[in-house]
Amino acid sequence: MTKRKRHVIKHDNIVVFPGAVQTLIREGHMYAENYQYEEAVASFEKAFLYEDGDEIALSTYAYALYELKTYDKVKNVCEQLFAMGTTLYVEVMELYVTVCMQLKEYHQVESLISTLIEENVLPEDQLEKFERLRSLNQEVSRNLQKKEDAKRLLEEQEYELSKFSALTPNEQSIRLHRLMDTNVRQLKTALKAIIECPTIHPFVQSLALILLVEQEVSIEITVSKFNGTKIINPNNLVLPNQLPQYREVKNIIENKLEQDPTTLEMVQYLMAKHAIVTYPFEWRPYEADDIAYSYIDFVQSMLGKVQEMDYEIIDFLQMLEKLTELHEV
């Protein structure tokens with residue numbers, strides 16, 4: 001009598017003994033039935049390294065993931081089940097719709113449920129449940145929109161020029177930094193007013209302008225600072241450290257201070273700060289060579305090295321340095 005050969009699985013040169021995958025899947029089901037969702041997910045994921053799951057294993061895995069609130073993973077597993085042509089279509093679809101709501105994909109949910117109903121895909125006894133889901137989705141979507149509208153209105157008022165001007169320059173800077181990771185297009189008119197206001201601190205004017213430049217917002221703005229005025233469009237501007245004179249000064253300084261990294265680091269630090277204050281004018285009307293050597297002289301004087309300097313430019317650099325210290329304004 002010959003022994004039946006059992007299939008051996010190899011994965012990344014690791015031998016998986018016969019029955020090990022089935023044991024992991026059984027453990028996954030057992031953990032899920034006992035509400036031990038983290039353990040269930042761990043068992044299923046180990047098993048799926050070696051074999052594709054069937055629809056029962058995948059659906060149980062999806063529900064365990066849902067209980068752990070890992071909604072992106074749940075959505076992916078549901079899509080795998082749809083691709084398989086699952087016999088659990090309605091149950092998986094209900095989970096899929098619920099997860100899309102959790103992910104705030106309200107338009108997708110509305111479109112999906114409407115299509116299911118219009119195409120008579122759902123059994124009669126499930127229609128009411130999906131209608132309820134659609135109504136809930138619409139209500140949640142409306143409430144979220146109201147909150148977003150209220151938040152936008154509050155932000156618009158917060159950056160309105162009369163209120164903004166009443167703050168100290170340091171407080172104004174903090175308010176603008178809050179906008180770094182948000183869409184500022186809805187605030188472009190308020191930011192334009194801040195940039196164009198002659199009583200706003202030049203450093204703050206620049207911070208507002210940089211927000212518009214980073215998000216390529218197109219709006220015509222008249223900028224006035226340091227006895228200069230120019231009409232610009234943020235959509236056509238580069239950031240301060242990408243402007244032509246900045247790059248020219250930077251190259252001169254790096255070549256000159258190649259053997260003096262300490263002074264170089266200090267000069268680069270001052271340059272970066274000052275470039276924000278002068279933005280978008282740079283160090284005009286001074287030439288790049290004069291600016292570069294004056295920065296070196298400025299830093300070396302701070303380090304106690306007395307030497308001849310162009311005091312007109314040094315005074316200008318000292319003024320820029322003072323303008324970067326908002327907490328003292």
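**Close-up views of helix packing and a buried asparagine**

Helices α3 and α4 are roughly antiparallel to each other, because the angle between them is over 145 degrees. This is a predicted model.

**View 1. Helix α3 packs against helix α4.** Helix α3 covers residues 55–67, and helix α4 covers residues 71–84. Their axes lie 8 Å apart. The packing angle is about 160°. The crossing of the two helices, α3 and α4, is left-handed. From α3, the contact uses Glu55, Leu58, Ser59, Tyr61, Ala62, Leu65 and Tyr66. From α4, the partners are Tyr71, Lys73, Val74, Val77, Gln80, Leu81 and Met84. By class, the residues of this contact are 10 nonpolar, two polar and two charged.

**View 2. Asparagine 137 sits in helix α7.** Helix α7 spans residues 124–158, and asparagine 137 has its place there. The relative accessibility of asparagine 137 is 2%, so this residue counts as buried. A polar atom of the asparagine 137 side chain lies 3.2 Å from the backbone oxygen of tyrosine 106. Leaving aside residues up to four places away in sequence, asparagine 137 touches Met101, Tyr106, Val109 and Glu110.

**View 3. Helix α9 runs beside helix α11.** Helix α9 is made of residues 169–177, and helix α11 of residues 202–214. They pack at an angle of about 10°, and their axes are 10 Å apart. That angle is under 35 degrees, so α9 is roughly parallel to α11. On the α9 side, Pro169, Gln172, Ser173, Leu176 and His177 take part. They meet Val204, Leu207, Ala208 and Leu211 of α11. The contact of α9 with α11 has six nonpolar and three polar residues, with no charged ones.

**View 4. Helix α13 crosses helix α14.** Residues 261–278 form helix α13, and residues 288–302 form helix α14. The axes come within 10 Å and cross at roughly 115°. The crossing of α13 and α14 is right-handed. Helix α13 brings Thr263, Met266, Val267, Leu270, Met271 and His274 to the contact. Helix α14 brings Tyr295, Ile296, Phe298, Val299, Gln300 and Met302. Nine of the contact residues are nonpolar and three are polar, while no charged residue takes part.

Definitions and conventions
Residues are numbered from 1 along each chain as its sequence is written. This is a predicted model: local features need pLDDT of at least 70, side-chain atom pairs count only at pLDDT 80 or more; totals for chains, interfaces and linings use all residues. Side-chain values use heavy atoms; hydrogens and water are left out. Axes are lines fitted to C-alpha atoms, for helices over the stretch in contact, and angles run from 0 to 180 degrees between N-to-C directions. Helices (H or I, at least four residues) and strands (E, at least two) are DSSP runs, numbered from the N terminus. Angles under 35 degrees count as roughly parallel, over 145 as roughly antiparallel, 65 to 115 as roughly perpendicular and the rest as oblique. A crossing is left-handed if the near helix is turned anticlockwise from the far one by less than a right angle, and right-handed if clockwise. Contact means heavy atoms within 4.5 Å. Ala, Val, Leu, Ile, Met, Phe, Trp, Tyr, Cys and Pro count as nonpolar, Asp, Glu, Lys and Arg as charged, and the others, Gly among them, as polar. Buried means under 20% relative accessible area, exposed over 50%, partly exposed in between (1.4 Å probe, protein chains only). A polar contact is a pair of N or O atoms within 3.5 Å; within protein, one must be able to donate a hydrogen and the other to accept it, and residues adjacent in sequence count only if both atoms are side-chain atoms.
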